[in-house]
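Have a look at the chain below, then read on.

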Amino acid sequence: MTTEPLLVSLGALVIAFTGDLPALAPDSLLGQFLCSEGTPEVFVRVRRTDCLPVPDDAGALYAAKGFVMYRRGTRRFACKKDMNRPDGRIYAVLCYDEATADHMTLFYHTGRMRLDVESLLSCIMLETVLLRHGRCILHASFLSYEGKGIVFTAPSGTGKSTQAALWHDCRGAEIINGDKALLRWDGDRLLACGLPLCGSSGICRNKTVPLDAVVVLAQSKENSAEILQGVQAVKAVLPQIYTQPGEADSVSDALNFSVNLARNVPVWRLRCLPDETAVTCLEEALKKEK
């Protein structure tokens, strides 16, 4: 454990962590995202405890798998539950006031969880925090090619990692993150940024590039690429933006983000084979569009 404050910059949003923090391993992904300068906009105090502050006088506001949200007046209590146990006991509680949601306290039970970087970010409802600040996490394989970003998005098992690996092997593209991309606006330009969460891919780099294309994948027996327009583009992208189930504001923010994305960045539907011919098909379509 360390009591030294941590400043973390995610898509240029600085989050200040203080309190009972996990020591960073030498190979921690979060190490790439630490910063020594910048004005924090989000503050998280972390506290170890054997007695979690779970309200016993309020009903659940909403619940999802492994999660339940309570409210007492204007106070929120976001509770993480252990789904591997029959009793589904709570092991961490995030507390904040609705009027000052960027000032949070995270309580975690010393005997019920081992706090590490991944669980720390998961317990602060990171997807909601980022959406509140005009950013989002997209479920995608994210690469940089000729200085611009391409993200391959689709439900798990569709072939995002395969297509990213093909661009790396066949065109020398750099894979920035194998599972997620953090998207943020810089004026009217959309940027794709690295994130210290990358699923099982293990590929994570702290790099930011202008986003050139969002590619929604579909498996097929032949290759074809088409630009999706309007509602089609929004409907393809929105389900791949991480939101907190039950949070109406989070879902609304994600919808607004996807609408703005569809207006400013080409959203492609790529029906493809898992080989280099898919790379050629998309490459030619991107060049033609420019």
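Let's start with a charged pair: Asp20 and Arg48 meet through their side chains in a salt bridge, at 3.9 Å from N to O. A salt bridge here is a side-chain nitrogen of Lys or Arg within 4 Å of a carboxyl oxygen of Asp or Glu. This one joins distant parts of the chain, 28 residues apart: Asp20 sits in the loop between β2 (13–19) and β3 (42–49), and Arg48 in strand β3. Arg48 is partly exposed, at a relative accessible area of 44%. On this scale, buried means under 20% relative accessible area, exposed means over 50%, and partly exposed is in between (1.4 Å probe, protein chains only).

A word on ground rules: this is a predicted model, where local features need pLDDT of at least 70, side-chain atom pairs count only at pLDDT 80 or more, and totals for chains, interfaces and linings use all residues. Residues are numbered from 1 along each chain as its sequence is written, and side-chain values use heavy atoms, with hydrogens and water left out.

**Charged pairs**

How many salt bridges does a search of the whole structure find? The count is 12.

| Pair | N to O distance |
|---|---|
| Asp20 and Arg48 | 3.9 Å |
| Glu174 and Arg205 | 3.5 Å |
| Asp179 and Lys180 | 2.6 Å |

Glu174 comes out as partly exposed at 25% relative accessibility, and Arg205 is partly exposed at 35%.

Strands and helices are DSSP runs numbered from the N terminus (E, at least two residues, for strands; H or I, at least four, for helices). Two strands pair if DSSP finds at least two bridges between them. β2 and β3 run in the parallel sense, over five bridges, and Ala16 stands opposite Phe43 in β3.

**A loop residue**

Gln244 lies in the loop between α4 (230–237) and α5 (248–264). Is Gln244 buried or exposed? Gln244 counts as buried, at 7% relative accessibility. Leaving aside neighbours within four places in sequence, its contacts (heavy atoms within 4.5 Å) are Tyr62, Phe67, Met125, Glu127, Thr128 and Ser250. Gln244 and Phe67 are 177 residues apart in sequence but 9.7 Å apart in space, C-alpha to C-alpha.

**Helix packing**

Helices α3 (residues 160–171) and α6 (residues 276–289) pack at about 85 degrees, with axes 9 Å apart. That makes α3 and α6 roughly perpendicular, a label for angles of 65 to 115 degrees. From α3, the contact uses Gln163, Leu166, Trp167, Cys170 and Arg171; α6 brings residues including Glu276, Val279 and Leu286. The residues of this contact divide into seven nonpolar, two polar and three charged.

Terms used
Axes fitted to C-alpha atoms, helices over the stretch in contact; angles between N-to-C directions. Parallel < 35°, antiparallel > 145°, perpendicular 65-115°, else oblique. Nonpolar A, V, L, I, M, F, W, Y, C, P; charged D, E, K, R; others polar.
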